[in-house]
Amino acid sequence: MLAKLFTPNKEISKGLFTSAGLVTFILFLAIWSVLSYGGIVNPLFLPTPTAVLISAVDLLFHGELLSDIGISFTRVLVGFLVAALIGIPLGILMGSLKIMEGAFEPIIGFIRYMPASAFIPLLILWIGLGEPEKMSVIFLGTFFQLTLMIMDVTKNVQNELIEVSYTLGAKKLQVFTKVILPASLPGIVDTLRITFGWAWTYLVVAEIVGASSGLGYMIMQASRFLQPDKIIVGIITIGLLGLITDMVFKAIYRASFSWMRKGGL
């Protein structure tokens, strides 16, 4: 049994797969409980699970948690959608046409190593402290990686498919729409799933400056008033939202590309 569990790429039952994740979660919760309830770590640095739960309930029913979730989700969604609307067609063109790759890959590859937070002062000068500035941080944090990943996905389309389509009389536009795009679509959806997760990681950075609402703002305010329970509530909330969006993309993938290899996503 153990040999099967540790065999590379060996399938296991769905129940065992789920149980493994549940055991890991319980172990994490147990370590947290021992450290906090046992007084090993000062509550100022690590509150108990009970304190975090009470804070979450209070913020949910008497605070502005739901409002902050809506505001933050809107910022992440808009910033990510703009990145996707530009990055997907650009990435496909870069992966299909060498001239486009030569024109854009060097500059995009260069900028993607620059931290999005470094652009905040410039964004404030250019567009102020409003919502566009925060969405722009999300955009900058995801656009360049998303574009290059989609370029790589498009490059992996088998050249034989393209050659056969030309042999059958397809026009260049038809090659893009009928061959390259359908063949790349599973990889594009997978890329969107991954980069949407990155978008959530830039939320706190986007809401550090000039924000008066949102989960990132809530976390920063809690840190100023030494409220670690609220900080953890904010972090867990962002994690849950990211997990939900990840599950949505997985459901879309399974429904749209059931012909792909089992467990491919």
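Biologist: Are helix 6 and helix 7 parallel or oblique to each other?

Modeller: Start with the general idea. Two packed helices are described by the angle between their axes and the distance between the axes. Axes are lines fitted to C-alpha atoms, for helices over the stretch in contact, and angles run from 0 to 180 degrees between N-to-C directions. Angles under 35 degrees count as roughly parallel, over 145 as roughly antiparallel, 65 to 115 as roughly perpendicular and the rest as oblique. Now the case here. The axes of helix 6 (residues 120–127) and helix 7 come within 10 Å and cross at roughly 140°. Helix 6 and helix 7 are therefore oblique to each other.

Biologist: What should I know about the model itself?

Modeller: It is a predicted model: local features need pLDDT of at least 70, side-chain atom pairs count only at pLDDT 80 or more, and totals for chains, interfaces and linings use all residues. Residues are numbered from 1 along each chain as its sequence is written, and side-chain values use heavy atoms, with hydrogens and water left out.

Biologist: How many helices and strands are in the chain?

Modeller: Helices (H or I, at least four residues) and strands (E, at least two) are DSSP runs, numbered from the N terminus. This chain has 12 helices and zero strands. Its C-alpha atoms fill a box of roughly 70 × 60 × 30 Å, taken along the principal axes.

Biologist: Are helix 7 and helix 9 roughly parallel or roughly antiparallel to each other?

Modeller: Helix 7 covers residues 131–155 and helix 9 covers residues 172–201. Their axes come within 9 Å and cross at roughly 150°. Helix 7 and helix 9 are therefore roughly antiparallel to each other.

Biologist: Is the crossing of helix 6 and helix 7 left-handed or right-handed?

Modeller: A crossing is left-handed if the near helix is turned anticlockwise from the far one by less than a right angle, and right-handed if clockwise. The crossing of helix 6 and helix 7 is right-handed. Helix 7 also passes helix 9 in a right-handed crossing.

Biologist: How many salt bridges does the structure hold?

Modeller: A salt bridge is a side-chain nitrogen of Lys or Arg within 4 Å of a carboxyl oxygen of Asp or Glu. The structure holds eight. One of them joins the side chains of Arg75 and Glu131 (2.7 Å, N to O). This pair links distant parts of the chain: Arg75 is in helix 4 (residues 65–96), Glu131 is in helix 7, and they are 56 residues apart.

Biologist: Is Arg75 buried or exposed?

Modeller: Buried means under 20% relative accessible area, exposed over 50%, partly exposed in between (1.4 Å probe, protein chains only). Arg75 counts as buried, because its relative accessibility is 3%. Glu131 is partly exposed at 33%. Of the 265 residues of the chain, 34% count as buried.

Biologist: Where do Lys250 and Asp246 lie?

Modeller: Both lie in helix 12 (residues 228–256), four residues apart, about one turn of the helix. Salt bridges that share partners join Asp190, Arg193, Asp246 and Lys250 into one network. The side chains of Lys250 and Asp246 meet at 3.6 Å, N to O. Lys250 is partly exposed, at 28%, whereas Asp246 counts as buried, at 18%.

Biologist: Which salt bridge does Glu133 form?

Modeller: The side chain of Glu133 meets that of Lys134 in a salt bridge (3.7 Å, N to O). Glu133 counts as buried, at 0% relative accessibility. Lys134 counts as buried too, at 2%.
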